[in-house]
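This report describes a protein chain together with its ligand. Please keep the sequence and the structure in view while reading.

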Amino acid sequence: MKQLALVTLVTVLPALQAHAQDAAGGQKLFQQRCGACHQIASTRNGVGPHLQGVIGRAAGSVEGFRYSTAMQGSGITWDAAKLDTFLTNPGGLVKGTRMTQRFAKPDERKAIIDFLATR
Ligand code: HEC
């Protein structure tokens with residue numbers, strides 16, 4: 001029984017650590033790739049809407065931010081999969097969105113999305 005618990009720890013701990021590292025790396029990547037347009041530490045809007053609590057949020061729903069009609073009418077609720085699709089090619093998911101930056105690297109997208117999930 002003891003052995004089983006140990007085996008569980010040995011397999012689960014590294015996964016947890018990797019997740020924490022991803023989120024830390026994701027924070028840095030977020031600042032580099034998204035920070036010029038999006039706030040996350042505050043709810044101030046910039047070129048883009050703030051992204052605090054974006055996972056589970058309805059697209060186009062931040063008070064006081066002037067979204068494209070495309071984003072407002074998209075009917076999306078942001079989750080990890082939708083964010084991944086959006087970041088890969090925003091216009092492919094939300095035709096006519098004003099966010100045009102594409103993020104081609106899957107590992108970078110994942111790190112950023114993991115970080116978003118912590119805020
Ligand atoms: C050059 C500016 C710019 C950069 C860089 C940028 N975005 Fe955006 N983003 C925008 C704008 C503008 C909108 C609003 C789009 C619209 O209304 O169609 C937006 C919208 C979004 C939305 C929808 C939010 C909502 O409230 O529905 C998400 C999610 C998002 N961006 C995530 C990101 C992430 C993550 C990154 C970095 C990997 C990023 N963006 C980089 C400008 C940017």
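## Aspartate 114 and helix 5

Aspartate 114 has its place in helix 5. The model discussed here is a predicted one. With a relative accessible area of 11%, aspartate 114 is buried, since buried means under 20% relative accessible area. The side chain of aspartate 114 also makes a polar contact with the side chain of lysine 110, at 2.8 Å.

The buried residues are Glu108, Arg109, Ala111, Ile112, Ile113, Asp114, Phe115 and Leu116.

## The chain as a whole

How many helices and how many strands does the protein chain contain? There are five helices and zero strands. Read from the N terminus on, the order of the elements is therefore α-α-α-α-α. In the protein chain of 119 residues, buried residues make up 33%.

## Residues around the ligand

In the side chain of histidine 38, an N or O atom is 2.8 Å from a nitrogen atom of the ligand. For serine 68, an N or O atom of the side chain is 2.5 Å from an oxygen atom of the ligand. Tryptophan 78 likewise has a side-chain N or O atom 2.9 Å from an oxygen atom of the ligand.

## The largest pocket

Rolling a probe the size of a water molecule over the atoms shows where empty space is left. Which pocket does the ligand take up? The space taken by the ligand is the largest pocket. The volume of the largest pocket is about 540 Å³. Its lining consists of 29 residues, and those closest to the centre of the pocket are His38, Gly48, Pro49, Phe86 and Met99.

Helix 1 (2-33), helix 3 and helix 5 (106-116) are the elements that give two or more residues to the lining of the largest pocket. The largest share, three residues, comes from helix 3. The lining is made up of 20 nonpolar, six polar and three charged residues.

Leucine 87 and alanine 81 are both examined here. Alanine 81, with a relative accessible area of 53%, is exposed, because exposed means over 50%.

Each of these residues can also be compared with a partner further along the chain. Leucine 87 and lysine 105 are 18 residues apart in sequence, and their C-alpha atoms are 9.7 Å apart in space. Alanine 81 and lysine 110 are 29 residues apart along the chain, with a separation of 9.7 Å between their C-alpha atoms. Lysine 110 is also the residue whose side chain makes the polar contact with the side chain of aspartate 114.

## The loop between helix 1 and helix 2

The loop between helix 1 and helix 2 (69-72) holds alanine 58. Valine 47 lies in the loop between helix 1 and helix 2 as well. Alanine 58 is partly exposed, with a relative accessible area of 37%; this value falls between the limits of 20% and 50%. Valine 47, at 60% relative accessibility, counts as exposed.

Alanine 58 and glycine 75 are 17 residues apart along the chain, and their C-alpha atoms are separated by 7.3 Å. Valine 47 and alanine 36 are eleven residues apart along the chain, with their C-alpha atoms separated by 7.9 Å.

How values were computed. Residues are numbered from 1 along each chain as its sequence is written. This is a predicted model: local features need pLDDT of at least 70, side-chain atom pairs count only at pLDDT 80 or more; totals for chains, interfaces and linings use all residues. Side-chain values use heavy atoms; hydrogens and water are left out. A polar contact is a pair of N or O atoms within 3.5 Å; within protein, one must be able to donate a hydrogen and the other to accept it, and residues adjacent in sequence count only if both atoms are side-chain atoms. On a 1 Å grid over the protein atoms alone, a cavity is a set of points where a 1.4 Å probe fits but cannot get out, and a pocket is an open set with protein on both sides within 12 Å along at least five of seven lines; lining residues have an atom within 4 Å of a point. A molecule sits in a cavity or pocket if more than half of its atoms lie within 2 Å of its grid points. Grid points are joined across faces, edges and corners, and a volume is the space filled by probe spheres set on the points. Helices (H or I, at least four residues) and strands (E, at least two) are DSSP runs, numbered from the N terminus. Ala, Val, Leu, Ile, Met, Phe, Trp, Tyr, Cys and Pro count as nonpolar, Asp, Glu, Lys and Arg as charged, and the others, Gly among them, as polar. Buried means under 20% relative accessible area, exposed over 50%, partly exposed in between (1.4 Å probe, protein chains only).
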